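Trainee: I have a structure on my screen and a list of terms in my head. Please take me through the terms, one by one.

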Amino acid sequence: YRDGKRQIQEKMSALMESRKEQMGDLPQIMEQRDGLSKKIAEKVQERNALRDEFRQQERDYNQHLREVRDKRQAKAMEERNERQKEWNQQKLVRAAEKLDEQPFVCEMTLIEQTMAFCKTFTATKQTKATEEKKETEHTNPEGSEVLIRKEDREEEFFFVPTAKKKNKSKNTGAKAEGSTKPIKHNAVTFKLFDDLKLDAPITTDDIPGLLEKLEEQLESYKVKVKKWEEKREEMK
């Protein structure tokens, strides 16, 4: 038994020696491999730590940018609200001031200016008529009589015809023909009547009817002004 055991041990030792010879420096290489694997694992951990730190810093930076952006937007919104509030106040002030502004000033002023323009022609006509009514000094021969004007006849109970009746009728006809005069217009006066939707007068005979229309327009605007005044009091 002992001899058999010894032989087996010898064979085992021979095999191990043979294995060592075959393996050569492999154990050292494996030891180096284990050491390198350990170092790689350490570097991986270090890399992961750096990556996590970088990502955390990146998240912190993005959060800071969001906070700055939110503050800027909040400030801009506040400023816009202040401007809107100020504009609304100014709008209310303008609206309150507008309540005291008569809304038909331009229209009524235009009508009054047009009426004044038309009355310049009637004023000229009336002035001439007034001058004609003045007492005239007659140089007729003694004993003769003068025929009074037609429009003054109603004030007299009777008149004594004279030999100059025929000439008087001719003068009266000439005067009637000369009483109507054409009216010259320019671009301004034509626009004045066009704005009022009225035809510009061509002769002085058109003035009375035109003045009536202007009076009607003016009265209509006065009615509107009265309604506006009542409404303004209610709004106040």
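Trainee: What does C118 touch, not counting residues up to four places away in sequence?

Mentor: C118 touches F193, I207, L210, L211 and L214. Contact means heavy atoms within 4.5 Å.

Trainee: What kind of model is this, and how are residues numbered?

Mentor: This is a predicted model, where local features need pLDDT of at least 70, side-chain atom pairs count only at pLDDT 80 or more, and totals for chains, interfaces and linings use all residues. Residues are numbered from 1 along each chain as its sequence is written, and side-chain values use heavy atoms, with hydrogens and water left out.

Trainee: What is the mean pLDDT of the protein chain?

Mentor: The mean is 76, and 71% of the residues reach 70 or more. The term pLDDT stands for the predictor's confidence in each residue, from 0 to 100.

Trainee: How many helices and strands does the protein chain have?

Mentor: The protein chain has 6 helices and 0 strands. Both are DSSP runs, numbered from the N terminus: helices are H or I with at least four residues, strands are E with at least two. From the N terminus on, the order is α-α-α-α-α-α.

Trainee: Why is T114 called buried?

Mentor: Buried means under 20% relative accessible area, exposed over 50%, and partly exposed in between (1.4 Å probe, protein chains only). T114 has 0%, so T114 is buried. Its place is in helix α3 (residues 105-133). Leaving aside neighbours within four places in sequence, T114 is in contact with L192, F193, L196 and L214.

Trainee: What share of the protein chain is buried?

Mentor: Buried residues make up 13% of the 236 residues.

Trainee: What makes a set of residues a nonpolar core?

Mentor: A nonpolar core is a set of buried Ala, Val, Leu, Ile, Met, Phe, Trp, Tyr and Cys residues joined through side-chain atoms within 4.5 Å. The largest one here has 21 residues. I111, C118 and L214 have the most contacts inside it. Helices α3, α5 (187-195) and α6 (207-235) each supply at least two residues of this core. Helix α6 gives the most, with 8 residues.

Trainee: Why is the pair E46 and K43 called a salt bridge?

Mentor: A salt bridge is a side-chain nitrogen of Lys or Arg within 4 Å of a carboxyl oxygen of Asp or Glu. The N to O distance for E46 and K43 is 3.9 Å, so the pair counts as a salt bridge. Side chains of opposite charge can pair when their charged atoms come close. E46 and K43 are 3 residues apart in helix α2 (residues 26-99), so they are separated by about one helical turn.

Trainee: Are E46 and K43 buried, partly exposed or exposed?

Mentor: E46 has 44% relative accessibility, so E46 counts as partly exposed. K43 has 56%, so K43 counts as exposed.

Trainee: How many salt bridges does the whole structure have?

Mentor: A search finds 4. Among them is D195 with K191, the closest N and O atoms being 3.0 Å apart. D195 and K191 both lie in helix α5, 4 residues apart, about one turn of the helix. Another is E219 with K222, at 3.7 Å. E219 and K222 both lie in helix α6, 3 residues apart.

Trainee: Why is K197 called exposed?

Mentor: K197 has 75% relative accessibility, so K197 counts as exposed. K197 is found in the loop between α5 and α6. K197 also has a positive phi of about 60°, although it is not a glycine.

Trainee: Why does M16 count as partly exposed?

Mentor: M16 has 46% relative accessibility, so M16 counts as partly exposed. M16 is found in helix α1 (residues 2-23).
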